Amino acid sequence: MLEQLRSAIRDVPDYPKPGIVFKDISTILNNPELYRASIELMVEPFKGRENLYIAGIEARGFIFGAAMADRLGAAFVPVRKAGKLPWKTRAVSYALEYGEDTLEIHVDAIPEGADVVVVDDLLATGGTVGAVLELLETSKVNVIGVSFLVELEFLEGRKKLGGAPVHSVLKF
Ligand code: AMP
């Protein structure tokens, strides 16, 4: 199944800009068997955990994180781009190649001390998830893992994630 998943991912050269090879996972979502298998593999390390919170990062982290929460009987917490959440938020800003971006979480989304798994589709440089971990640190929660479908190992994103246990299904 890992090989099927790996070969289903579509490489799109020079998207969104020259020199980047974009890993298009919509080809997995498009296939019911592969989508389900990817969720099965992503939840594997967290099966049987109770009172779990899945923090999914907008937007592709929602697609995997929400399905994982359903599979695990966990709560789902959206981590969203600035200005999208209606209630009181905590925010973190982080550097992009040009400029910066901001992610937000509702202040009361996760109780202090709760176990959390952070989910995104892909780990590249680690900037995005690193910022979310920083955000969760101020929320005093217990991050038990970070889960990705794809990890681009050559970018060494793991180094930006401190001690959080990283789980990725496919490594390139
Ligand atoms: P980073 O902060 O560099 O780890 O980038 C992670 C975010 O950017 C994830 O939400 C990915 O969806 C997206 N991303 C970065 N690089 C790629 C790539 N080569 N292919 C697909 N998505 C990417």
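The model is predicted, so local features are given only where pLDDT is at least 70 and side-chain atom pairs count only at pLDDT 80 or more, whereas totals for chains, interfaces and linings use all residues. Residues are numbered from 1 along each chain as its sequence is written, and side-chain values use heavy atoms, with hydrogens and water left out. The protein chain comes to 5 helices and 9 strands, where helices (H or I, at least four residues) and strands (E, at least two) are DSSP runs numbered from the N terminus.

**Overall build**

- Read along the sequence, the secondary structure of the protein chain follows the pattern α-β-β-α-α-β-α-β-β-β-β-α-β-β.
- The radius of gyration of the protein chain is 16 Å, which agrees with the value near 16 Å for a compact globule of 172 residues; the radius is taken over C-alpha atoms, and the globule rule is 2.2 Å times the number of residues to the power 0.38.
- The C-alpha trace of the protein chain spans about 40 × 40 × 30 Å along its principal axes.
- Of the 172 residues, 44% count as buried, a term that stands for under 20% relative accessible area, with exposed meaning over 50% and partly exposed in between (1.4 Å probe, protein chains only).
- Among contacts with a separation of 6 or more, 56% come from residues 24 or more positions apart, a contact being defined by heavy atoms within 4.5 Å.

**Surface and charge**

- The protein chain exposes about 9,000 Å², of which carbon and sulfur atoms supply 51%; accessible areas come from the Shrake-Rupley method with a 1.4 Å probe, and for residues only the protein chains shown count as cover.
- There are 19 positive and 24 negative side chains, and the centres of the two sets lie 1 Å apart; Lys and Arg count as positive and Asp and Glu as negative, while His and the chain ends are not counted.

**Helix α4 and its end**

- Helix α4 (60-72) has 13 residues and reaches 19 Å from its first C-alpha to its last, close to the 18 Å expected at 1.5 Å a residue; the expected span is 1.5 Å times one less than the number of residues.
- The buried residues of α4 are G61, F64, G65, A67, M68, A69 and L72, and what covers them includes α2 (26-29), α3, β3, β4, β7 and β8.
- Just after α4, G73 takes a positive phi of about 70°.

- Helix α5 (residues 127-138) has 12 residues and reaches 17 Å from its first C-alpha to its last, close to the 16 Å expected.
- Within α5, the residues V129, G130, A131, V132, L133, L135 and L136 are buried, and the buried residues of this helix pack against β3 (52-57), β4 (75-81), β5 (89-95), β6 (100-106), β7 (115-123) and β8 (142-151).
- In the loop between α5 and β8, S139 is buried, with a relative accessible area of 7%, and apart from neighbours within four places in sequence S139 is in contact with R90 and E112.
- K140, found in the loop between α5 and β8, is by contrast exposed, with a relative accessible area of 54%.

**Backbone geometry**

- Most residues other than glycine have a negative phi, and most peptide bonds are trans.
- K140 has a positive phi of about 55° although it is not a glycine.
- N51, also not a glycine, has a positive phi of about 50°; N51 lies in the loop between α3 (32-43) and β3 and counts as exposed at 67% relative accessibility.
- The peptide bond from Y15 to P16 is cis, with omega near -5°, and P16 lies in the loop between β1 (10-13) and β2 (21-24).
- The peptide bond from E58 to A59 is also cis, with omega near 0°, and A59 is found in the loop between β3 and α4.

**Residue F172**

- F172, in the segment after β9 (166-171), is partly exposed, with a relative accessible area of 27%.
- Leaving aside neighbours within four places in sequence, F172 is in contact with R6, I9, K23, V150, E151, L152, E153 and F154.
- F172 and G48 are 124 residues apart in sequence and 29 Å apart in space, C-alpha to C-alpha.

Key: The place of a charge is taken as NZ of Lys, CZ of Arg, CG of Asp or CD of Glu.
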